[in-house]
Amino acid sequence: MNPMLRESPYPMLDVEAALATVLAHVAPLALEHVDALRAEGRILAEDLVASEDLPDLPKAAMDGYALRSSDGLLPRRVIAELTAGESAGLLVGPGEASRIMTGATMPTGADAMIPVELTRETDGMLVVDRAIRPGEHVHPVGQDLARGQLVLARGTRLNAAEVGILATLGITQVAVFRQPRVAVLATGDEVYEPGAPRPAGAVRDSNRYALLAAVREAGGVAISLGIARDDAAIQRRAILDGIAQADVLLTSGGVSMGTRDLIKPILAELGTIHFGRVKFKPGKPTTFASVGDTLVFGLPGYPVSSLVAFEVFVRPALRALQGDPQPVRPRAIARIDAAIRPSPDRPEYQRVRLAWRGAELWATSTGNQGSSRLLSMHGANGLLIVPPGAQVYPAGSSLEVLVTGDLR
Ligand SMILES: Nc1nc2c(c(=O)[nH]1)N[C@H]1C(S)=C(S)[C@@H](COP(=O)(O)OP(=O)(O)OC[C@H]3O[C@@H](n4cnc5c(N)ncnc54)[C@H](O)[C@@H]3O)O[C@H]1N2
Ligand code: MOO
């Protein structure tokens, strides 16, 4: 039997220093052109300038009559009816008006329109209840978008509204940053495929599937590398396989002090370890390395530790690789609705449900915060940052929180 190490050779970095190290190693990936009309979730890699005015011709904003404002209160002869989609070409002269529907192009000569509710029409003659100002109820050329205007800047996340804007401008192909390819490898002799038979004491591989889902949620392309047994040659081969096909490799397990914790030595042999321990809980043995051009995160085996480390370090890296200018989750201040005993020596990222009570955000614990209790992640939309110490934080205390999900 090999001797067991008594002390980790890796210094323990603060979360801030570790995150800064990660972010210093990521830059947006190359751009690619994709179908603009299905580009939601992607980050724009080019500035988009409006090539035309919107609307390109003045349009009626309501259903009613197009007329000349200078005719004042005089009755007008109704000469036509214009519906949206009809081509223009009509001239409205003095003493004339045309019926017009919302969205129809204004006829030449008419400089305003009156909503139908403010009119009467008898025997082809229009009587108005009040005079109309020039331009009233007309959408002028360029009101919604002006030609030459910067519409969407590089770095914009494309959501539903942005897809609509691209469609409006007739843009069908758009340059976005490439999504990172992220390979996920589980390790451990005790780890089995969820659908397979397993001996007593073995665990089902929840980490790989949870991490693959987290990668997709963060906008990455997830690649499963299966489970590697606790054998240095097998894990080395699996890691080389991962770095050959991925921008980022995530491993699960095998990063702490056990004799079968092989990931760190393999990464040290193949590349450079930037950090091997972080002062936070859960997730202390989180490891970050480069092997060639691939970034490798050695995540801890405990299911909660691996997902919390993903949230705090991997997700920001994946967002930054996609060109997201704000790769890190937002922070807020929340009040705790029950007392919390802090960890004596490490900031603890406790899983909480955040909810508004009036103007204040309140945090409710998801229960037992053990690193193996995946249920503590279920329903959590915040990671409450509990500074270390000996004193209990009483109910009502205000603490910083990373907002990781939708607020209710
Ligand atoms: N002497 C010390 N022991 C430990 C230390 C330490 O500093 N000194 N750190 C502890 C901390 S903190 C953590 S976190 C864990 C992380 O250890 P590993 O990354 O080496 O993880 P494993 O030992 O491989 O597994 C831990 C635990 O998680 C289960 N596991 C592993 N893989 C999976 C998976 N894919 N799906 C579900 N569950 C998995 C595994 O069976 C173990 O129960 O180390 C502490 N030890
Ligand atoms: O850091 Mo470990 O993840 O406390 O359990």
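Let's start at ligand 2, where one of the ligand's oxygen atoms sits 2.6 Å from an N or O atom in the side chain of Ser 371. Keep in mind as we go that this is a predicted model.

**Around ligand 2**

Ser 371 belongs to a set of residues around ligand 2 that also holds Lys 281, Pro 282, Gly 283, Lys 284, Tyr 302, Ser 305 and Arg 346. The backbone takes part here too: a polar backbone atom of Gly 283 is 2.5 Å from an oxygen atom of ligand 2, and a backbone N or O atom of Lys 284 lies 2.8 Å from an oxygen atom of this ligand.

**Around ligand 1**

Lys 284 turns up again at ligand 1, this time through its side chain, where an N or O atom is 2.9 Å from an oxygen atom of the ligand. The side chain of Ser 256 likewise has an N or O atom 2.9 Å from an oxygen atom of ligand 1. Asn 207 contributes through its backbone, with a polar atom 3.3 Å from a nitrogen atom of ligand 1. On its own, ligand 1 exposes 870 Å², and the protein buries 72% of that. There are 22 residues around ligand 1, and the nearest are Glu 190, Asp 205, Ser 256, Lys 284 and Gly 301.

| Pocket | Volume |
|---|---|
| Largest pocket | about 990 Å³ |
| Second largest pocket | about 340 Å³ |

Ser 256, which we met beside ligand 1, is also among the residues closest to the centre of the largest pocket, together with Gly 254, Val 255, Met 257 and Asp 261. In total, 46 residues line the largest pocket; 17 of them are nonpolar, 18 polar and 11 charged. Strands β14 (181–187) and β16 (203–204) and helices α3 (206–217), α5 (263–270) and α6 (303–321) each supply at least two residues of this lining.

Note on methods:
Residues numbered from 1 in each chain as written. Chains lettered and ligands numbered in written order. Predicted model: local features only at pLDDT ≥ 70, side-chain atom pairs only at ≥ 80, totals over all residues. Heavy atoms only, no water. 1 Å grid on protein atoms, 1.4 Å probe; cavity = no way out; pocket = protein on both sides within 12 Å on 5 of 7 lines; lining within 4 Å. Points joined across faces, edges and corners; volume = space filled by probe spheres on them. Helix = DSSP H or I, 4+ residues; strand = E, 2+ residues; numbered from the N terminus. Nonpolar A, V, L, I, M, F, W, Y, C, P; charged D, E, K, R; others polar. Near = heavy atom within 4 Å. Polar contact = N/O pair within 3.5 Å; in protein donor to acceptor, adjacent residues only side chain to side chain. Areas by Shrake-Rupley, 256 points an atom, 1.4 Å probe, with all protein chains shown as cover.
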